[in-house]
Amino acid sequence: MEKIQVKNLVKIFGDNPKRGLKLLEKGHTKEQILAETGLTVGVNDVSFDINANEIFVIMGLSGSGKSTLLRCLNRLIEPTSGEVMLGDSNITSLDKKELRDVRKHKFGMVFQNFALFPQRTILENTEFGLEVHDDITEENRKEKSLDALEKVGLKGWEDKYPDELSGGMQQRVGLARALAVDPDILLMDEPFSALDPLIKREMQDQLLDLYEELNKTIVFITHDLDEALKLGDRIAIMKDGEVVQVGTAEEILTDAKNDYVREFVQNVNRSQILTAEDIMIKPEELLYENDGIKTAKYKMKRNGLSSMFAVKGKRKYRGIIRLENLIDAKKEKKDIKDLIENTKTARPDETLDELFGDMADLDVPLPVVDEENNLLGIIVKGTVLSNLAGEDD
Amino acid sequence: MELPIGESVENFIQFLLNNFEPIFDGIANILGGFMEGTGDFLLMIPPLFFIILLSGMAWFLANKKVALFTVASLFLVFGMGLWQSFVKTFVLVIVATLISLIIGIPMGVLSSKRKRLDRIVTPVLDFMQTMPPFVYLIPAVMFFGIGDVPGVISTVVFSMPPAIRLTKLGLNQVPEELEEVGDSFGLTPFQMLYKIKLPLALPSIMAGINQTIMMSLSMVVVASMIGTKGLGSDVLNGIQRNDIGIGFEAGLSVVILAIILDRITSSLGTITQRKKA
């Protein structure tokens, strides 16, 4: 699959937008241009890449130009200048017919208010995109549409009409309609914004499931940061027609590029985003399985600890050794093997939310281990709290 | 002082007459022949058969009540001895409506798309609708003589505006988001029209058709003044002979025709919206 490249994209609304373009080049701001010419700068010199097969979220408040930007990708809105590349082909230079072909086969779009046809049944709505494909038989069309409906969990609803379905179900139809043409790229314009929170979460999970199984690039618009962080492999934050920052959820949260982004992310429930991997620290020193009791005591004393984790070989996790057990241990014991206690462990991708339960009744740090039981790091209670408070270090 | 507006209109009409007379004659011949043929055919088939046909349509397109009303009221018209006039008026209304729609719907489609055309069409429509309909009779007679054809033509002029207006309205009311759906799936402008816009505008277009029929019925009596045969000329007879009886019977028959056509066409609008209940 091809990646999408957006290069210096500008969209100016109004009569004779070229005028505004010149002013932009001279370095005038959006406000100045509006005051001088009455032109509105919708998208201001935006460049970024969307990797093949990722969920790319464009996030911003209303009026930030995110919907305009999305529509520039398939030229539902004609960019004033700049380029949109899909692989090697330049979308912005296609003629009308070529553009229609690209729209037919490469893009599928899902709309905020579902945009279903009230006079068509669910099946007929789903078939809509395929109806203008010339190279497909009627049975084939029906088969593909039924298949798409099944994917979104609407099997058995084919003969109903949109107004007989709930909002969430209607948007599933919208999704099925886009999926039926089997596009490489799904453009989703605030698809879940009109749904209530519970349904919204359900739809997000379903989208993630579909994404896993379908191998598509998804460009997703939202004004909801939680949604962006949950779905986005990478997130672009927009403000006043400009992309302020592009990065993974992690980068956005921990490394905000400016005050706008910082302000935006400060209300996020960090416990759902940060994972064990993000907050674990390197243990200061480790015990080895065949360390002697004396060595162990010495190491603890030196680090001022009352317990330490023991590993086998380089870093195979074994368990924890407590100081009191060392003291009680009989002198004749050669090594600490028998004193190792099992403790709870965490996986690196567990979120803070999930870790809370484990942390609460633990008086020692929580070890983080990978699938091969290698010790990756430890989580100390204090780190958890400070991360929740939103401090970076 | 007197402004020569009337004179210039007269000159313009005269100019048309001098230069395009063969065209008008051709239209008059074709249209006149068609109407006479249709009228004769409908009068040739037994009235009972015609009544059953129309009530059947009413049942199929509207409901049982409308069908029953159709049967009863048509027998009443027959009983009053106005069958022949009724059929002639029926033909006049149907032909006028068809011509109005054939011109009006495409005009509506065009003016919904082209703003500049719309700016010209709208005042013309206002003019056509508010000009007293009697005025149309004069040039109609000049172009087509007297009889059924000028009656139909002046009826078309009077009854076409709602077909154009409501087609345009219906198309303009299609939500932008649904048009975006069409664009995003790569529809051609023509596919956009017949796959998205016309189906969604259909209720409004059907209302336009209904309005057109009602308007042309209201022209029936007026058109009788230039020799158009039918219920209108019976009413005119009543006026001229000061005979309230004939006038009322003919008027009642017009009302009956209006009700039947209205009920059938207005139910069409709701049927087309959803194929099954």
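Predicted model: local features only at pLDDT ≥ 70, side-chain atom pairs only at ≥ 80, totals over all residues.
**Figure 1. Overall build of chain B.** Chain B contains 11 helices and zero strands. Along its principal axes, the C-alpha trace of chain B spans about 65 × 60 × 35 Å. Of the 277 residues in this chain, 40% count as buried.

**Figure 2. The contact between chains A and B.** In this view, 18 residues of chain A are in contact with 15 residues of chain B. On the side of chain A that touches chain B, at least two residues each are supplied by helix H4 (96-105), strand S6 (107-110) and helix H5 (122-131) of chain A. H4(A) gives the largest share of this side, namely four residues. Sorted by class, the side of chain A that touches chain B holds nine nonpolar, four polar and five charged residues.

**Figure 3. Helices H6 and H7 of chain B.** Two packed helices are described by the angle between their axes and the distance between the axes. Helix H6 (residues 134-144) and helix H7 (residues 148-172) of chain B have axes that come within 9 Å and cross at roughly 140°. This angle makes H6(B) oblique to H7(B), since only angles over 145 degrees count as roughly antiparallel. The crossing in which H6(B) passes H7(B) is right-handed. From H6(B), the contact is made by Tyr136(B), Leu137(B), Ala140(B), Val141(B) and Phe144(B). From H7(B), the partners are Val149(B), Pro150(B), Ile153(B), Ser154(B), Val157(B) and Phe158(B). Divided by class, the residues of this contact are 10 nonpolar, one polar and no charged.

**Figure 4. Helices H8 and H9 of chain B.** Helix H8 (residues 176-184) and helix H9 (residues 189-223) of chain B pack at an angle of about 165°, and their axes are 10 Å apart. At this angle, H8(B) is roughly antiparallel to H9(B). H8(B) passes H9(B) in a right-handed crossing. H8(B) contributes Leu178(B), Glu179(B) and Gly182(B) to the contact, while H9(B) contributes Met192(B), Lys195(B), Ile196(B) and Leu200(B). By class, the contact of H8(B) with H9(B) has four nonpolar, one polar and two charged residues.

**Figure 5. Met57 and Ile264 of chain B.** Met57(B) lies in helix H2 (residues 47-61) of chain B. Met57(B) has 15 C-beta neighbours inside 10 Å and therefore counts as partly exposed. Although Met57(B) and Ile264(B) are 207 residues apart along the chain, their C-alpha atoms are separated by 7.9 Å.

Figure 6. The buried residues of H3(A) are Lys66(A), Thr68(A), Leu69(A), Leu70(A), Arg71(A), Cys72(A) and Leu73(A). H3(A) is followed by Arg75(A), whose phi is positive, near 60°. Arg75(A) is a residue other than glycine. Arg75(A) is placed in the loop between helix H3 (66-73) and strand S4 (81-86) of chain A. Arg75(A) counts as partly exposed because it has 19 C-beta neighbours inside 10 Å, whereas a residue is buried if 20 or more other C-beta atoms lie within that distance.

**Figure 7. Asn215 of chain A.** Asn215(A) lies in the loop between helix H8 (197-214) and strand S8 (217-222) of chain A. Although Asn215(A) is not a glycine, it has a positive phi of about 65°. Asn215(A) is exposed, because 10 other C-beta atoms lie within 10 Å, and a residue counts as exposed at 12 or fewer.

How values were computed:
Residues numbered from 1 in each chain as written. Chains lettered and ligands numbered in written order. Contact = placed C-beta atoms within 7 Å. Nonpolar A, V, L, I, M, F, W, Y, C, P; charged D, E, K, R; others polar. Axes fitted to C-alpha atoms, helices over the stretch in contact; angles between N-to-C directions. Parallel < 35°, antiparallel > 145°, perpendicular 65-115°, else oblique. Left-handed = near helix turned anticlockwise from the far one by under 90°.
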